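Visitor: I have a model open and want to learn how to read it. Could we go through it feature by feature?

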Amino acid sequence: MRILTGIQASGRPHLGNVLGAIRPAIELSKNPANESFLFIADLHTLTSLKDGKQLRENTYAIAAAWLACGFDADKNFFYRQSKLAGYHTELMWYLSCFTPFPMLANGHSFKEKSEKLANVNAGLFTYPVLQAADIMLYDAHLVPVGRDQRQHLEMTRDLGGAFNNQYGENTLVIPEAKIDETVMVIPGTDGQKMSKSYGNYIDIFLDEKELLKSVKKIVTDATPLEEPKNPETDNVFKLYSLVATNDEIEEMKANYLAGGYGYGHAKQALHQVLVREFAKERELFNYYMNNTNELEQKLQEGEAKAAIIAKATMERVREKMNF
């Protein structure tokens, strides 16, 4: 089974990305029966980030994070969208000609983002069509997505169905969405879902001092040190519970309920656990970021493999279209 995952290069991966997306995707990729396609969606990123130098740095950071967390680039497919842009954008154009304007205008993501942004560009509007091309270009069977991306996958299926209805049912593979309704929501430093767009994330790849500064920004209530605290409503405890051992979690819970234990103590404990639990990943991340030539080599090897599949798909599509 072919499983495809794309991640934008809008910033460095944070704790929420690692726990909610990277680790689950890597577990799927370890199944010998699966072929995993992981691509860095740097074309999509242009809808919000125009600085080429920053985009390149973010791209390397994403690649380094996935490799540091255990993604096997030799077994699977690991590539940048932009390096195969000719195939992606060609298929996008064909699909665009089957895309009803109201479908894009009614997109939940577009409407939400356009209400918040002053610069609403055409790329933001046509994002779902490029996403559909990203997926169907590689004959992907399964696409793990969050609930907020469900509509985009439905659009992909609709566009693929319309295309196949015109040119034959075997022209494009229609993917299924893999939506885990039980997937954890990682709280950010302000209690909302951790997100780069909210600026409430924790970058686990920072050096120890900077990581501690980030942890100290977690919002807590004003309960005095000596009084008992409610672990169920505290952001620090929620994050600690995602990475600490069961014994450590129970110990912190008891400390909260007993009183005499401040949020400062809890934040120090969270910092220590993050450093310990991600020690290997942090070391490998820094290694790759200091040896970007190795990242380039792995990406280019992956792009060469991915190009074979993309080329075959486009040859099939062009033949069906009589081009």
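Visitor: Over which ring does the charged end of Lys229 sit?
Guide: Over the ring of Tyr263, 5.7 Å from its centre. Keep in mind that this is a predicted model. There is another case to look at. The charged end of Lys305 sits over the ring of Phe77, 4.9 Å from the ring centre.

Visitor: How many helices and strands does the chain have?
Guide: The chain has 14 helices and 5 strands. Its C-alpha atoms fill a box of roughly 75 × 40 × 40 Å along the principal axes.

Visitor: What does the radius of gyration say about the chain?
Guide: Compare it with a rule for globules. For 323 residues, a compact globule would have a radius near 20 Å. The chain has 22 Å, which agrees. As for burial, 49% of the 323 residues count as buried.

Visitor: Now the aromatic rings. How do I describe a pair?
Guide: A search of the whole structure finds 17 aromatic pairs. One of them is Tyr79 with Tyr138, at 5.1 Å centre to centre and 45° between the planes. That pair is tilted.

Visitor: Where in the chain do Tyr79 and Tyr138 lie?
Guide: Tyr79 is in strand β3, residues 77-80. Tyr138 is in the loop between α7 (122-136) and β4 (142-144). They are 59 residues apart, so the pair links distant parts of the chain.

Visitor: Are Tyr79 and Tyr138 buried or exposed?
Guide: Tyr79 and Tyr138 are both buried. They also belong to one aromatic cluster, together with Phe37, Phe39 and Phe77. Phe77 is the ring under the charged end of Lys305.

Visitor: Why is the pair of Phe98 and Tyr167 called edge-to-face?
Guide: Because its planes stand at 70°, and the cut-off for that class is over 60 degrees. The ring centres are 6.0 Å apart.

Visitor: How do Phe98 and Tyr167 count by accessibility?
Guide: Phe98 has 23% relative accessibility, so it counts as partly exposed. Tyr167 has 24% and counts as partly exposed too.

Visitor: What should I look for in the backbone angles?
Guide: Most residues other than glycine have a negative phi. Asp139 has a positive phi of about 55°, although it is not a glycine. Asp139 lies in the loop between α7 and β4. At 15% relative accessibility, Asp139 counts as buried.

Visitor: What phi does Asn322 have?
Guide: A positive one, of about 65°, and Asn322 is not a glycine either. Asn322 lies in the segment after α14 (292-321). Its relative accessibility is 72%, so Asn322 counts as exposed.

Visitor: Last topic: pockets. How is empty space found?
Guide: Rolling a probe the size of a water molecule over the atoms shows where space is left. Here, the second largest pocket holds about 190 Å³ of space.

Visitor: Which residues line the second largest pocket?
Guide: The lining consists of Thr189, Gly199, Asn200, Tyr201, Asp203, Leu206, Glu210, Lys213, Ser214 and Lys217. By class, that lining has 2 nonpolar, 4 polar and 4 charged residues.

Technical notes. Residues are numbered from 1 along each chain as its sequence is written. This is a predicted model: local features need pLDDT of at least 70, side-chain atom pairs count only at pLDDT 80 or more; totals for chains, interfaces and linings use all residues. Side-chain values use heavy atoms; hydrogens and water are left out. On a 1 Å grid over the protein atoms alone, a cavity is a set of points where a 1.4 Å probe fits but cannot get out, and a pocket is an open set with protein on both sides within 12 Å along at least five of seven lines; lining residues have an atom within 4 Å of a point. Grid points are joined across faces, edges and corners, and a volume is the space filled by probe spheres set on the points. Ala, Val, Leu, Ile, Met, Phe, Trp, Tyr, Cys and Pro count as nonpolar, Asp, Glu, Lys and Arg as charged, and the others, Gly among them, as polar. Rings of Phe, Tyr and Trp (its six-membered ring) pair if their centres lie within 6.5 Å; planes under 30 degrees apart count as stacked, over 60 as edge-to-face and the rest as tilted. Helices (H or I, at least four residues) and strands (E, at least two) are DSSP runs, numbered from the N terminus. Buried means under 20% relative accessible area, exposed over 50%, partly exposed in between (1.4 Å probe, protein chains only). A charge sits over a ring if NZ of Lys or CZ of Arg is within 6 Å of the ring centre and within 35 degrees of the ring normal. The radius of gyration is taken over C-alpha atoms; the globule rule is 2.2 Å times the number of residues to the power 0.38.
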